[in-house]
Amino acid sequence: MELILANVKRKRHYDSSGRQAQARRTQQAILDAAERQLLQGGYATTTIAAIAAEAGVSVETIYKAFGGKPGLVRAIYERGLTGREAISAFERSDAMREHEADPRTIMRNWGALTSEVSSVVSPIVRLVRAAAASDPDMAALLHASNDIREERARHHARFLKQRGYLRDGVTLAQATDILWTCTSDELYELLVLQRGWSLARLARFLGDFMITALLPQDQ
């Protein structure tokens with residue numbers, strides 16, 4: 001009898017990892033469908049119902065997970081900032097700069113990472129920019145994306161100043177502006193989309209530009 005009671009009282013262990021993995025797959029399917037439809041049809045004409053149909057989920061599921069189209073666009077943008085690898089570009093950038101002593105190598109690596117992320121994020125940023133003129137949610141997201149880039153640029157500019165890498169006369173504010181400009185979608189659009197540069201050429205240009213603009217000539 002005691003053994004029976006012990007078995008009754010013993011709590012069953014519940015493993016939620018499978019459900020969590022399925023939830024992540026569902027969210028990625030929603031974002032994939034949303035990105036395709038938004039980039040093809042534009043922000044104004046794309047509907048949550050159409051996204052739900054392609055992703056194989058209910059409209060309520062999308063609203064619950066993302067809160068509507070503005071939340072979807074923000075999630076797609078944030079996913080794009082990761083770049084093309086499992087570890088986010090932000091993490092890779094910070095890890096690289098901590099272990100690399102040559103500032104020229106650091107900036108060439110920053111150029112490569114910027115080129116990689118821009119190739120993923122640029123289409124959605126152009127979508128946001130086009131919609132921002134008439135949609136306050138997209139205007140707010142555009143402002144927030146610029147703030148994110150400025151924050152990252154200042155983060156790296158402080159690092160360069162603390163390491164003593166900046167050329168004499170280059171202030172923290174100037175270094176921030178230069179790095180911020182290098183990550184702009186407008187620069188990617190001009191050189192890659194309009195002039196036909198490859199991502200490798202863009203990466204080399206960005207690295208060379210940062211070296212010339214920020215480092216002493218003898219670095």
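This is a predicted model: local features need pLDDT of at least 70, side-chain atom pairs count only at pLDDT 80 or more; totals for chains, interfaces and linings use all residues.
**Overall fold**

The protein chain is helical: 11 helices and zero strands. Read along the sequence, the pattern is α-α-α-α-α-α-α-α-α-α-α. The chain has 219 residues, and 40% of them count as buried.

The radius of gyration is 23 Å, whereas a compact globule of 219 residues would have a value near 17 Å. The C-alpha trace spans about 85 × 50 × 30 Å along its principal axes. Contacts still reach across the sequence. Among those between residues at least 6 apart, 68% join residues at least 24 apart.

The accessible surface comes to about 12800 Å². Carbon and sulfur atoms account for 53% of that surface. The chain carries 29 positive and 26 negative side chains. The centres of the two sets lie 4 Å apart.

**Helix α3**

Helix α3 runs over residues 48-55. Its buried residues are I48, I51, A52 and A55. They share one side of α3, because they cover an arc of only 100° around the axis. The general rule is that an α-helix has 3.6 residues a turn, so residues three or four places apart point the same way.

What lies over this buried side? The cover includes α2 (17-41), α4 (59-66) and α5 (69-80). After α3 comes G56, with a positive phi near 75°.

**Helix α6**

Helix α6 spans residues 89-99. Here the buried set is A89, R92, S93, M96 and R97. Seen down the axis, the buried residues of α6 fall within an arc of 125°, so they line one face of the helix.

Which helices do these residues pack against? The partners are α7 (103-132) and α8 (136-163). The face of α6 turned away from the buried side carries E91 and H99, both exposed.

L31 is found in helix α2. A203 is found in helix α11, residues 199-214. The cut-off for buried is under 20% relative accessible area. L31 counts as buried because its relative accessibility is 5%. A203 has a relative accessible area of 14%, so A203 is buried as well.

The table gives one pair for each of these residues, with C-alpha to C-alpha distances.

| Pair | Separation in sequence | Distance in space |
|---|---|---|
| L31 and R152 | 121 residues | 25 Å |
| A203 and E116 | 87 residues | 8.4 Å |

What is L31 in contact with, leaving aside its neighbours within four places in sequence? The contacts are F66, L72, A75, I76 and R79. F66 belongs to the span of α4 (59-66), and L72, A75, I76 and R79 to that of α5 (69-80). Both of these helices, like α2 itself, are part of the cover over the buried residues of α3.

A203 has its own set of contacts. Leaving aside neighbours within four places in sequence, they are G111, A112 and S115. These three fall within the span of α7 (103-132). Helix α7 is also one of the helices that the buried residues of α6 pack against.

**In brief**

The model is a chain of 11 helices with a radius of gyration of 23 Å. L31 contacts residues including F66 and L72, while A203 contacts residues including G111 and A112.

Notes
Residues are numbered from 1 along each chain as its sequence is written. Side-chain values use heavy atoms; hydrogens and water are left out. Helices (H or I, at least four residues) and strands (E, at least two) are DSSP runs, numbered from the N terminus. The radius of gyration is taken over C-alpha atoms; the globule rule is 2.2 Å times the number of residues to the power 0.38. Buried means under 20% relative accessible area, exposed over 50%, partly exposed in between (1.4 Å probe, protein chains only). Contact means heavy atoms within 4.5 Å. Accessible areas come from the Shrake-Rupley method with a 1.4 Å probe; for residues, only the protein chains shown count as cover. Lys and Arg count as positive and Asp and Glu as negative; His and the chain ends are not counted. The place of a charge is taken as NZ of Lys, CZ of Arg, CG of Asp or CD of Glu. The arc is that of the directions from the helix axis to the C-beta atoms.
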